[in-house]
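Please keep the sequence and the 3D view open while reading.

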Amino acid sequence: MRVAVVDIGTNSTRLLIADIDPDGSVTDLLRQSRVTRLGAGVDSNGGLSPEAIQRTCSVLADYRELIDSHRCEANLAVLTSAVRDAANGPSFTERVRRDYRLDARTLSGDEEAQLTFLGAMSDREPSSEPTVVIDIGGGSTEFVVGRQRTAGFHTSLQAGVVRMSERHIHSDPPTPSELQSLALDTRTIFLDGLPPEERAPVMRGIAVAGTATSAAAIDQELDPYDPERIHGYTLLLATVELLLARLADMTEVHRRQVVGLHPDRAPTIVAGMILLGEAMRAFELDQVEVSEHDILYGGALRLAGVG
């Protein structure tokens, strides 16, 4: 079955077109990601701005053409934190459904977490070892703790790279006090939202989405980006700390020139490194495995009825 999944996130809008076999194996045909910053200003203004909507709709028009040209049998568009939080989120979801012929659904934090876990565990041998999947987005971070391929505890916490950058970083490069404030705010949100009894049993972590994949690409100095070298890469907490120190010492102009970092992620990557580091510390993990398989894969499997 050929399916298309669009992830309309706070920071980026992504597309996966894939063939799904009855046994659940996924064959990628096309993947695209563009930074659209749909959630810019939502934390302070409470709504999606006309400029952000226009950026996103321009990308959706391109994606619709790609979906048509690949003759997809079914599609799904998932909208997450920014749209959940925005006063005009429901009207934007309806516009996506109407204008771009996408089965658009604004996911709850729980639904987002479940699809993310499904995607992250899709190519793994079943294991009873407790695993946390960490998905750092633009407006929120999803944590899912599970065993085998079944999600157990899951939560969506209101700390993402766009939200926390807008809340704390006002200098270029950021000042030490701004970095400390962002880290403290993140740590408080994570520890308040992650019960100790859920954190304690976790033995391994899988990190998905743009912050983690960017960290793996920077660490390997990948140019061009190579998904095969990202998927399964072991990222140490010590490496995240070194990357944070390096990137936070640069202006945005210089971060845009860092090998392995997409220039559009330069404004939010410092917050991303802080969020990733604090997430790992919350679970006392000294390393995580980076995965290319995330909510896009979970949505594709759910569409095909095998997840």
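At what angle do helix H9 (residues 210–220) and helix H13 (residues 269–282) pack, and how far apart are their axes? This is a predicted model, in which local features need pLDDT of at least 70 and side-chain atom pairs count only at pLDDT 80 or more, while totals for chains, interfaces and linings use all residues. Residues are numbered from 1 along each chain as its sequence is written, and side-chain values use heavy atoms, with hydrogens and water left out.

H9 and H13 pack at an angle of about 100°, with their axes 9 Å apart. H9 is therefore roughly perpendicular to H13 (a term for angles of 65 to 115 degrees). In this contact (heavy atoms within 4.5 Å), Thr211, Ala212, Ser214 and Ala215 of H9 meet Ile269, Gly272, Met273 and Leu276 of H13. These residues divide into five nonpolar, three polar and no charged.

The model also holds two cavities of 30 Å³ or more. A cavity is a set of points on a 1 Å grid where a 1.4 Å probe fits but cannot get out, and its lining residues have an atom within 4 Å of a point.

| Cavity | Volume |
|---|---|
| Largest | about 50 Å³ |

The lining of the largest cavity has three nonpolar, five polar and three charged residues, and its largest share, three residues, comes from H6. The second largest cavity is lined by Asn11, Val161, Thr211, Arg265, Thr268 and Ile269, of which two are nonpolar, three polar and one charged.

Note on methods. On a 1 Å grid over the protein atoms alone, a cavity is a set of points where a 1.4 Å probe fits but cannot get out, and a pocket is an open set with protein on both sides within 12 Å along at least five of seven lines; lining residues have an atom within 4 Å of a point. Grid points are joined across faces, edges and corners, and a volume is the space filled by probe spheres set on the points. Helices (H or I, at least four residues) and strands (E, at least two) are DSSP runs, numbered from the N terminus. Ala, Val, Leu, Ile, Met, Phe, Trp, Tyr, Cys and Pro count as nonpolar, Asp, Glu, Lys and Arg as charged, and the others, Gly among them, as polar. Axes are lines fitted to C-alpha atoms, for helices over the stretch in contact, and angles run from 0 to 180 degrees between N-to-C directions. Angles under 35 degrees count as roughly parallel, over 145 as roughly antiparallel, 65 to 115 as roughly perpendicular and the rest as oblique.
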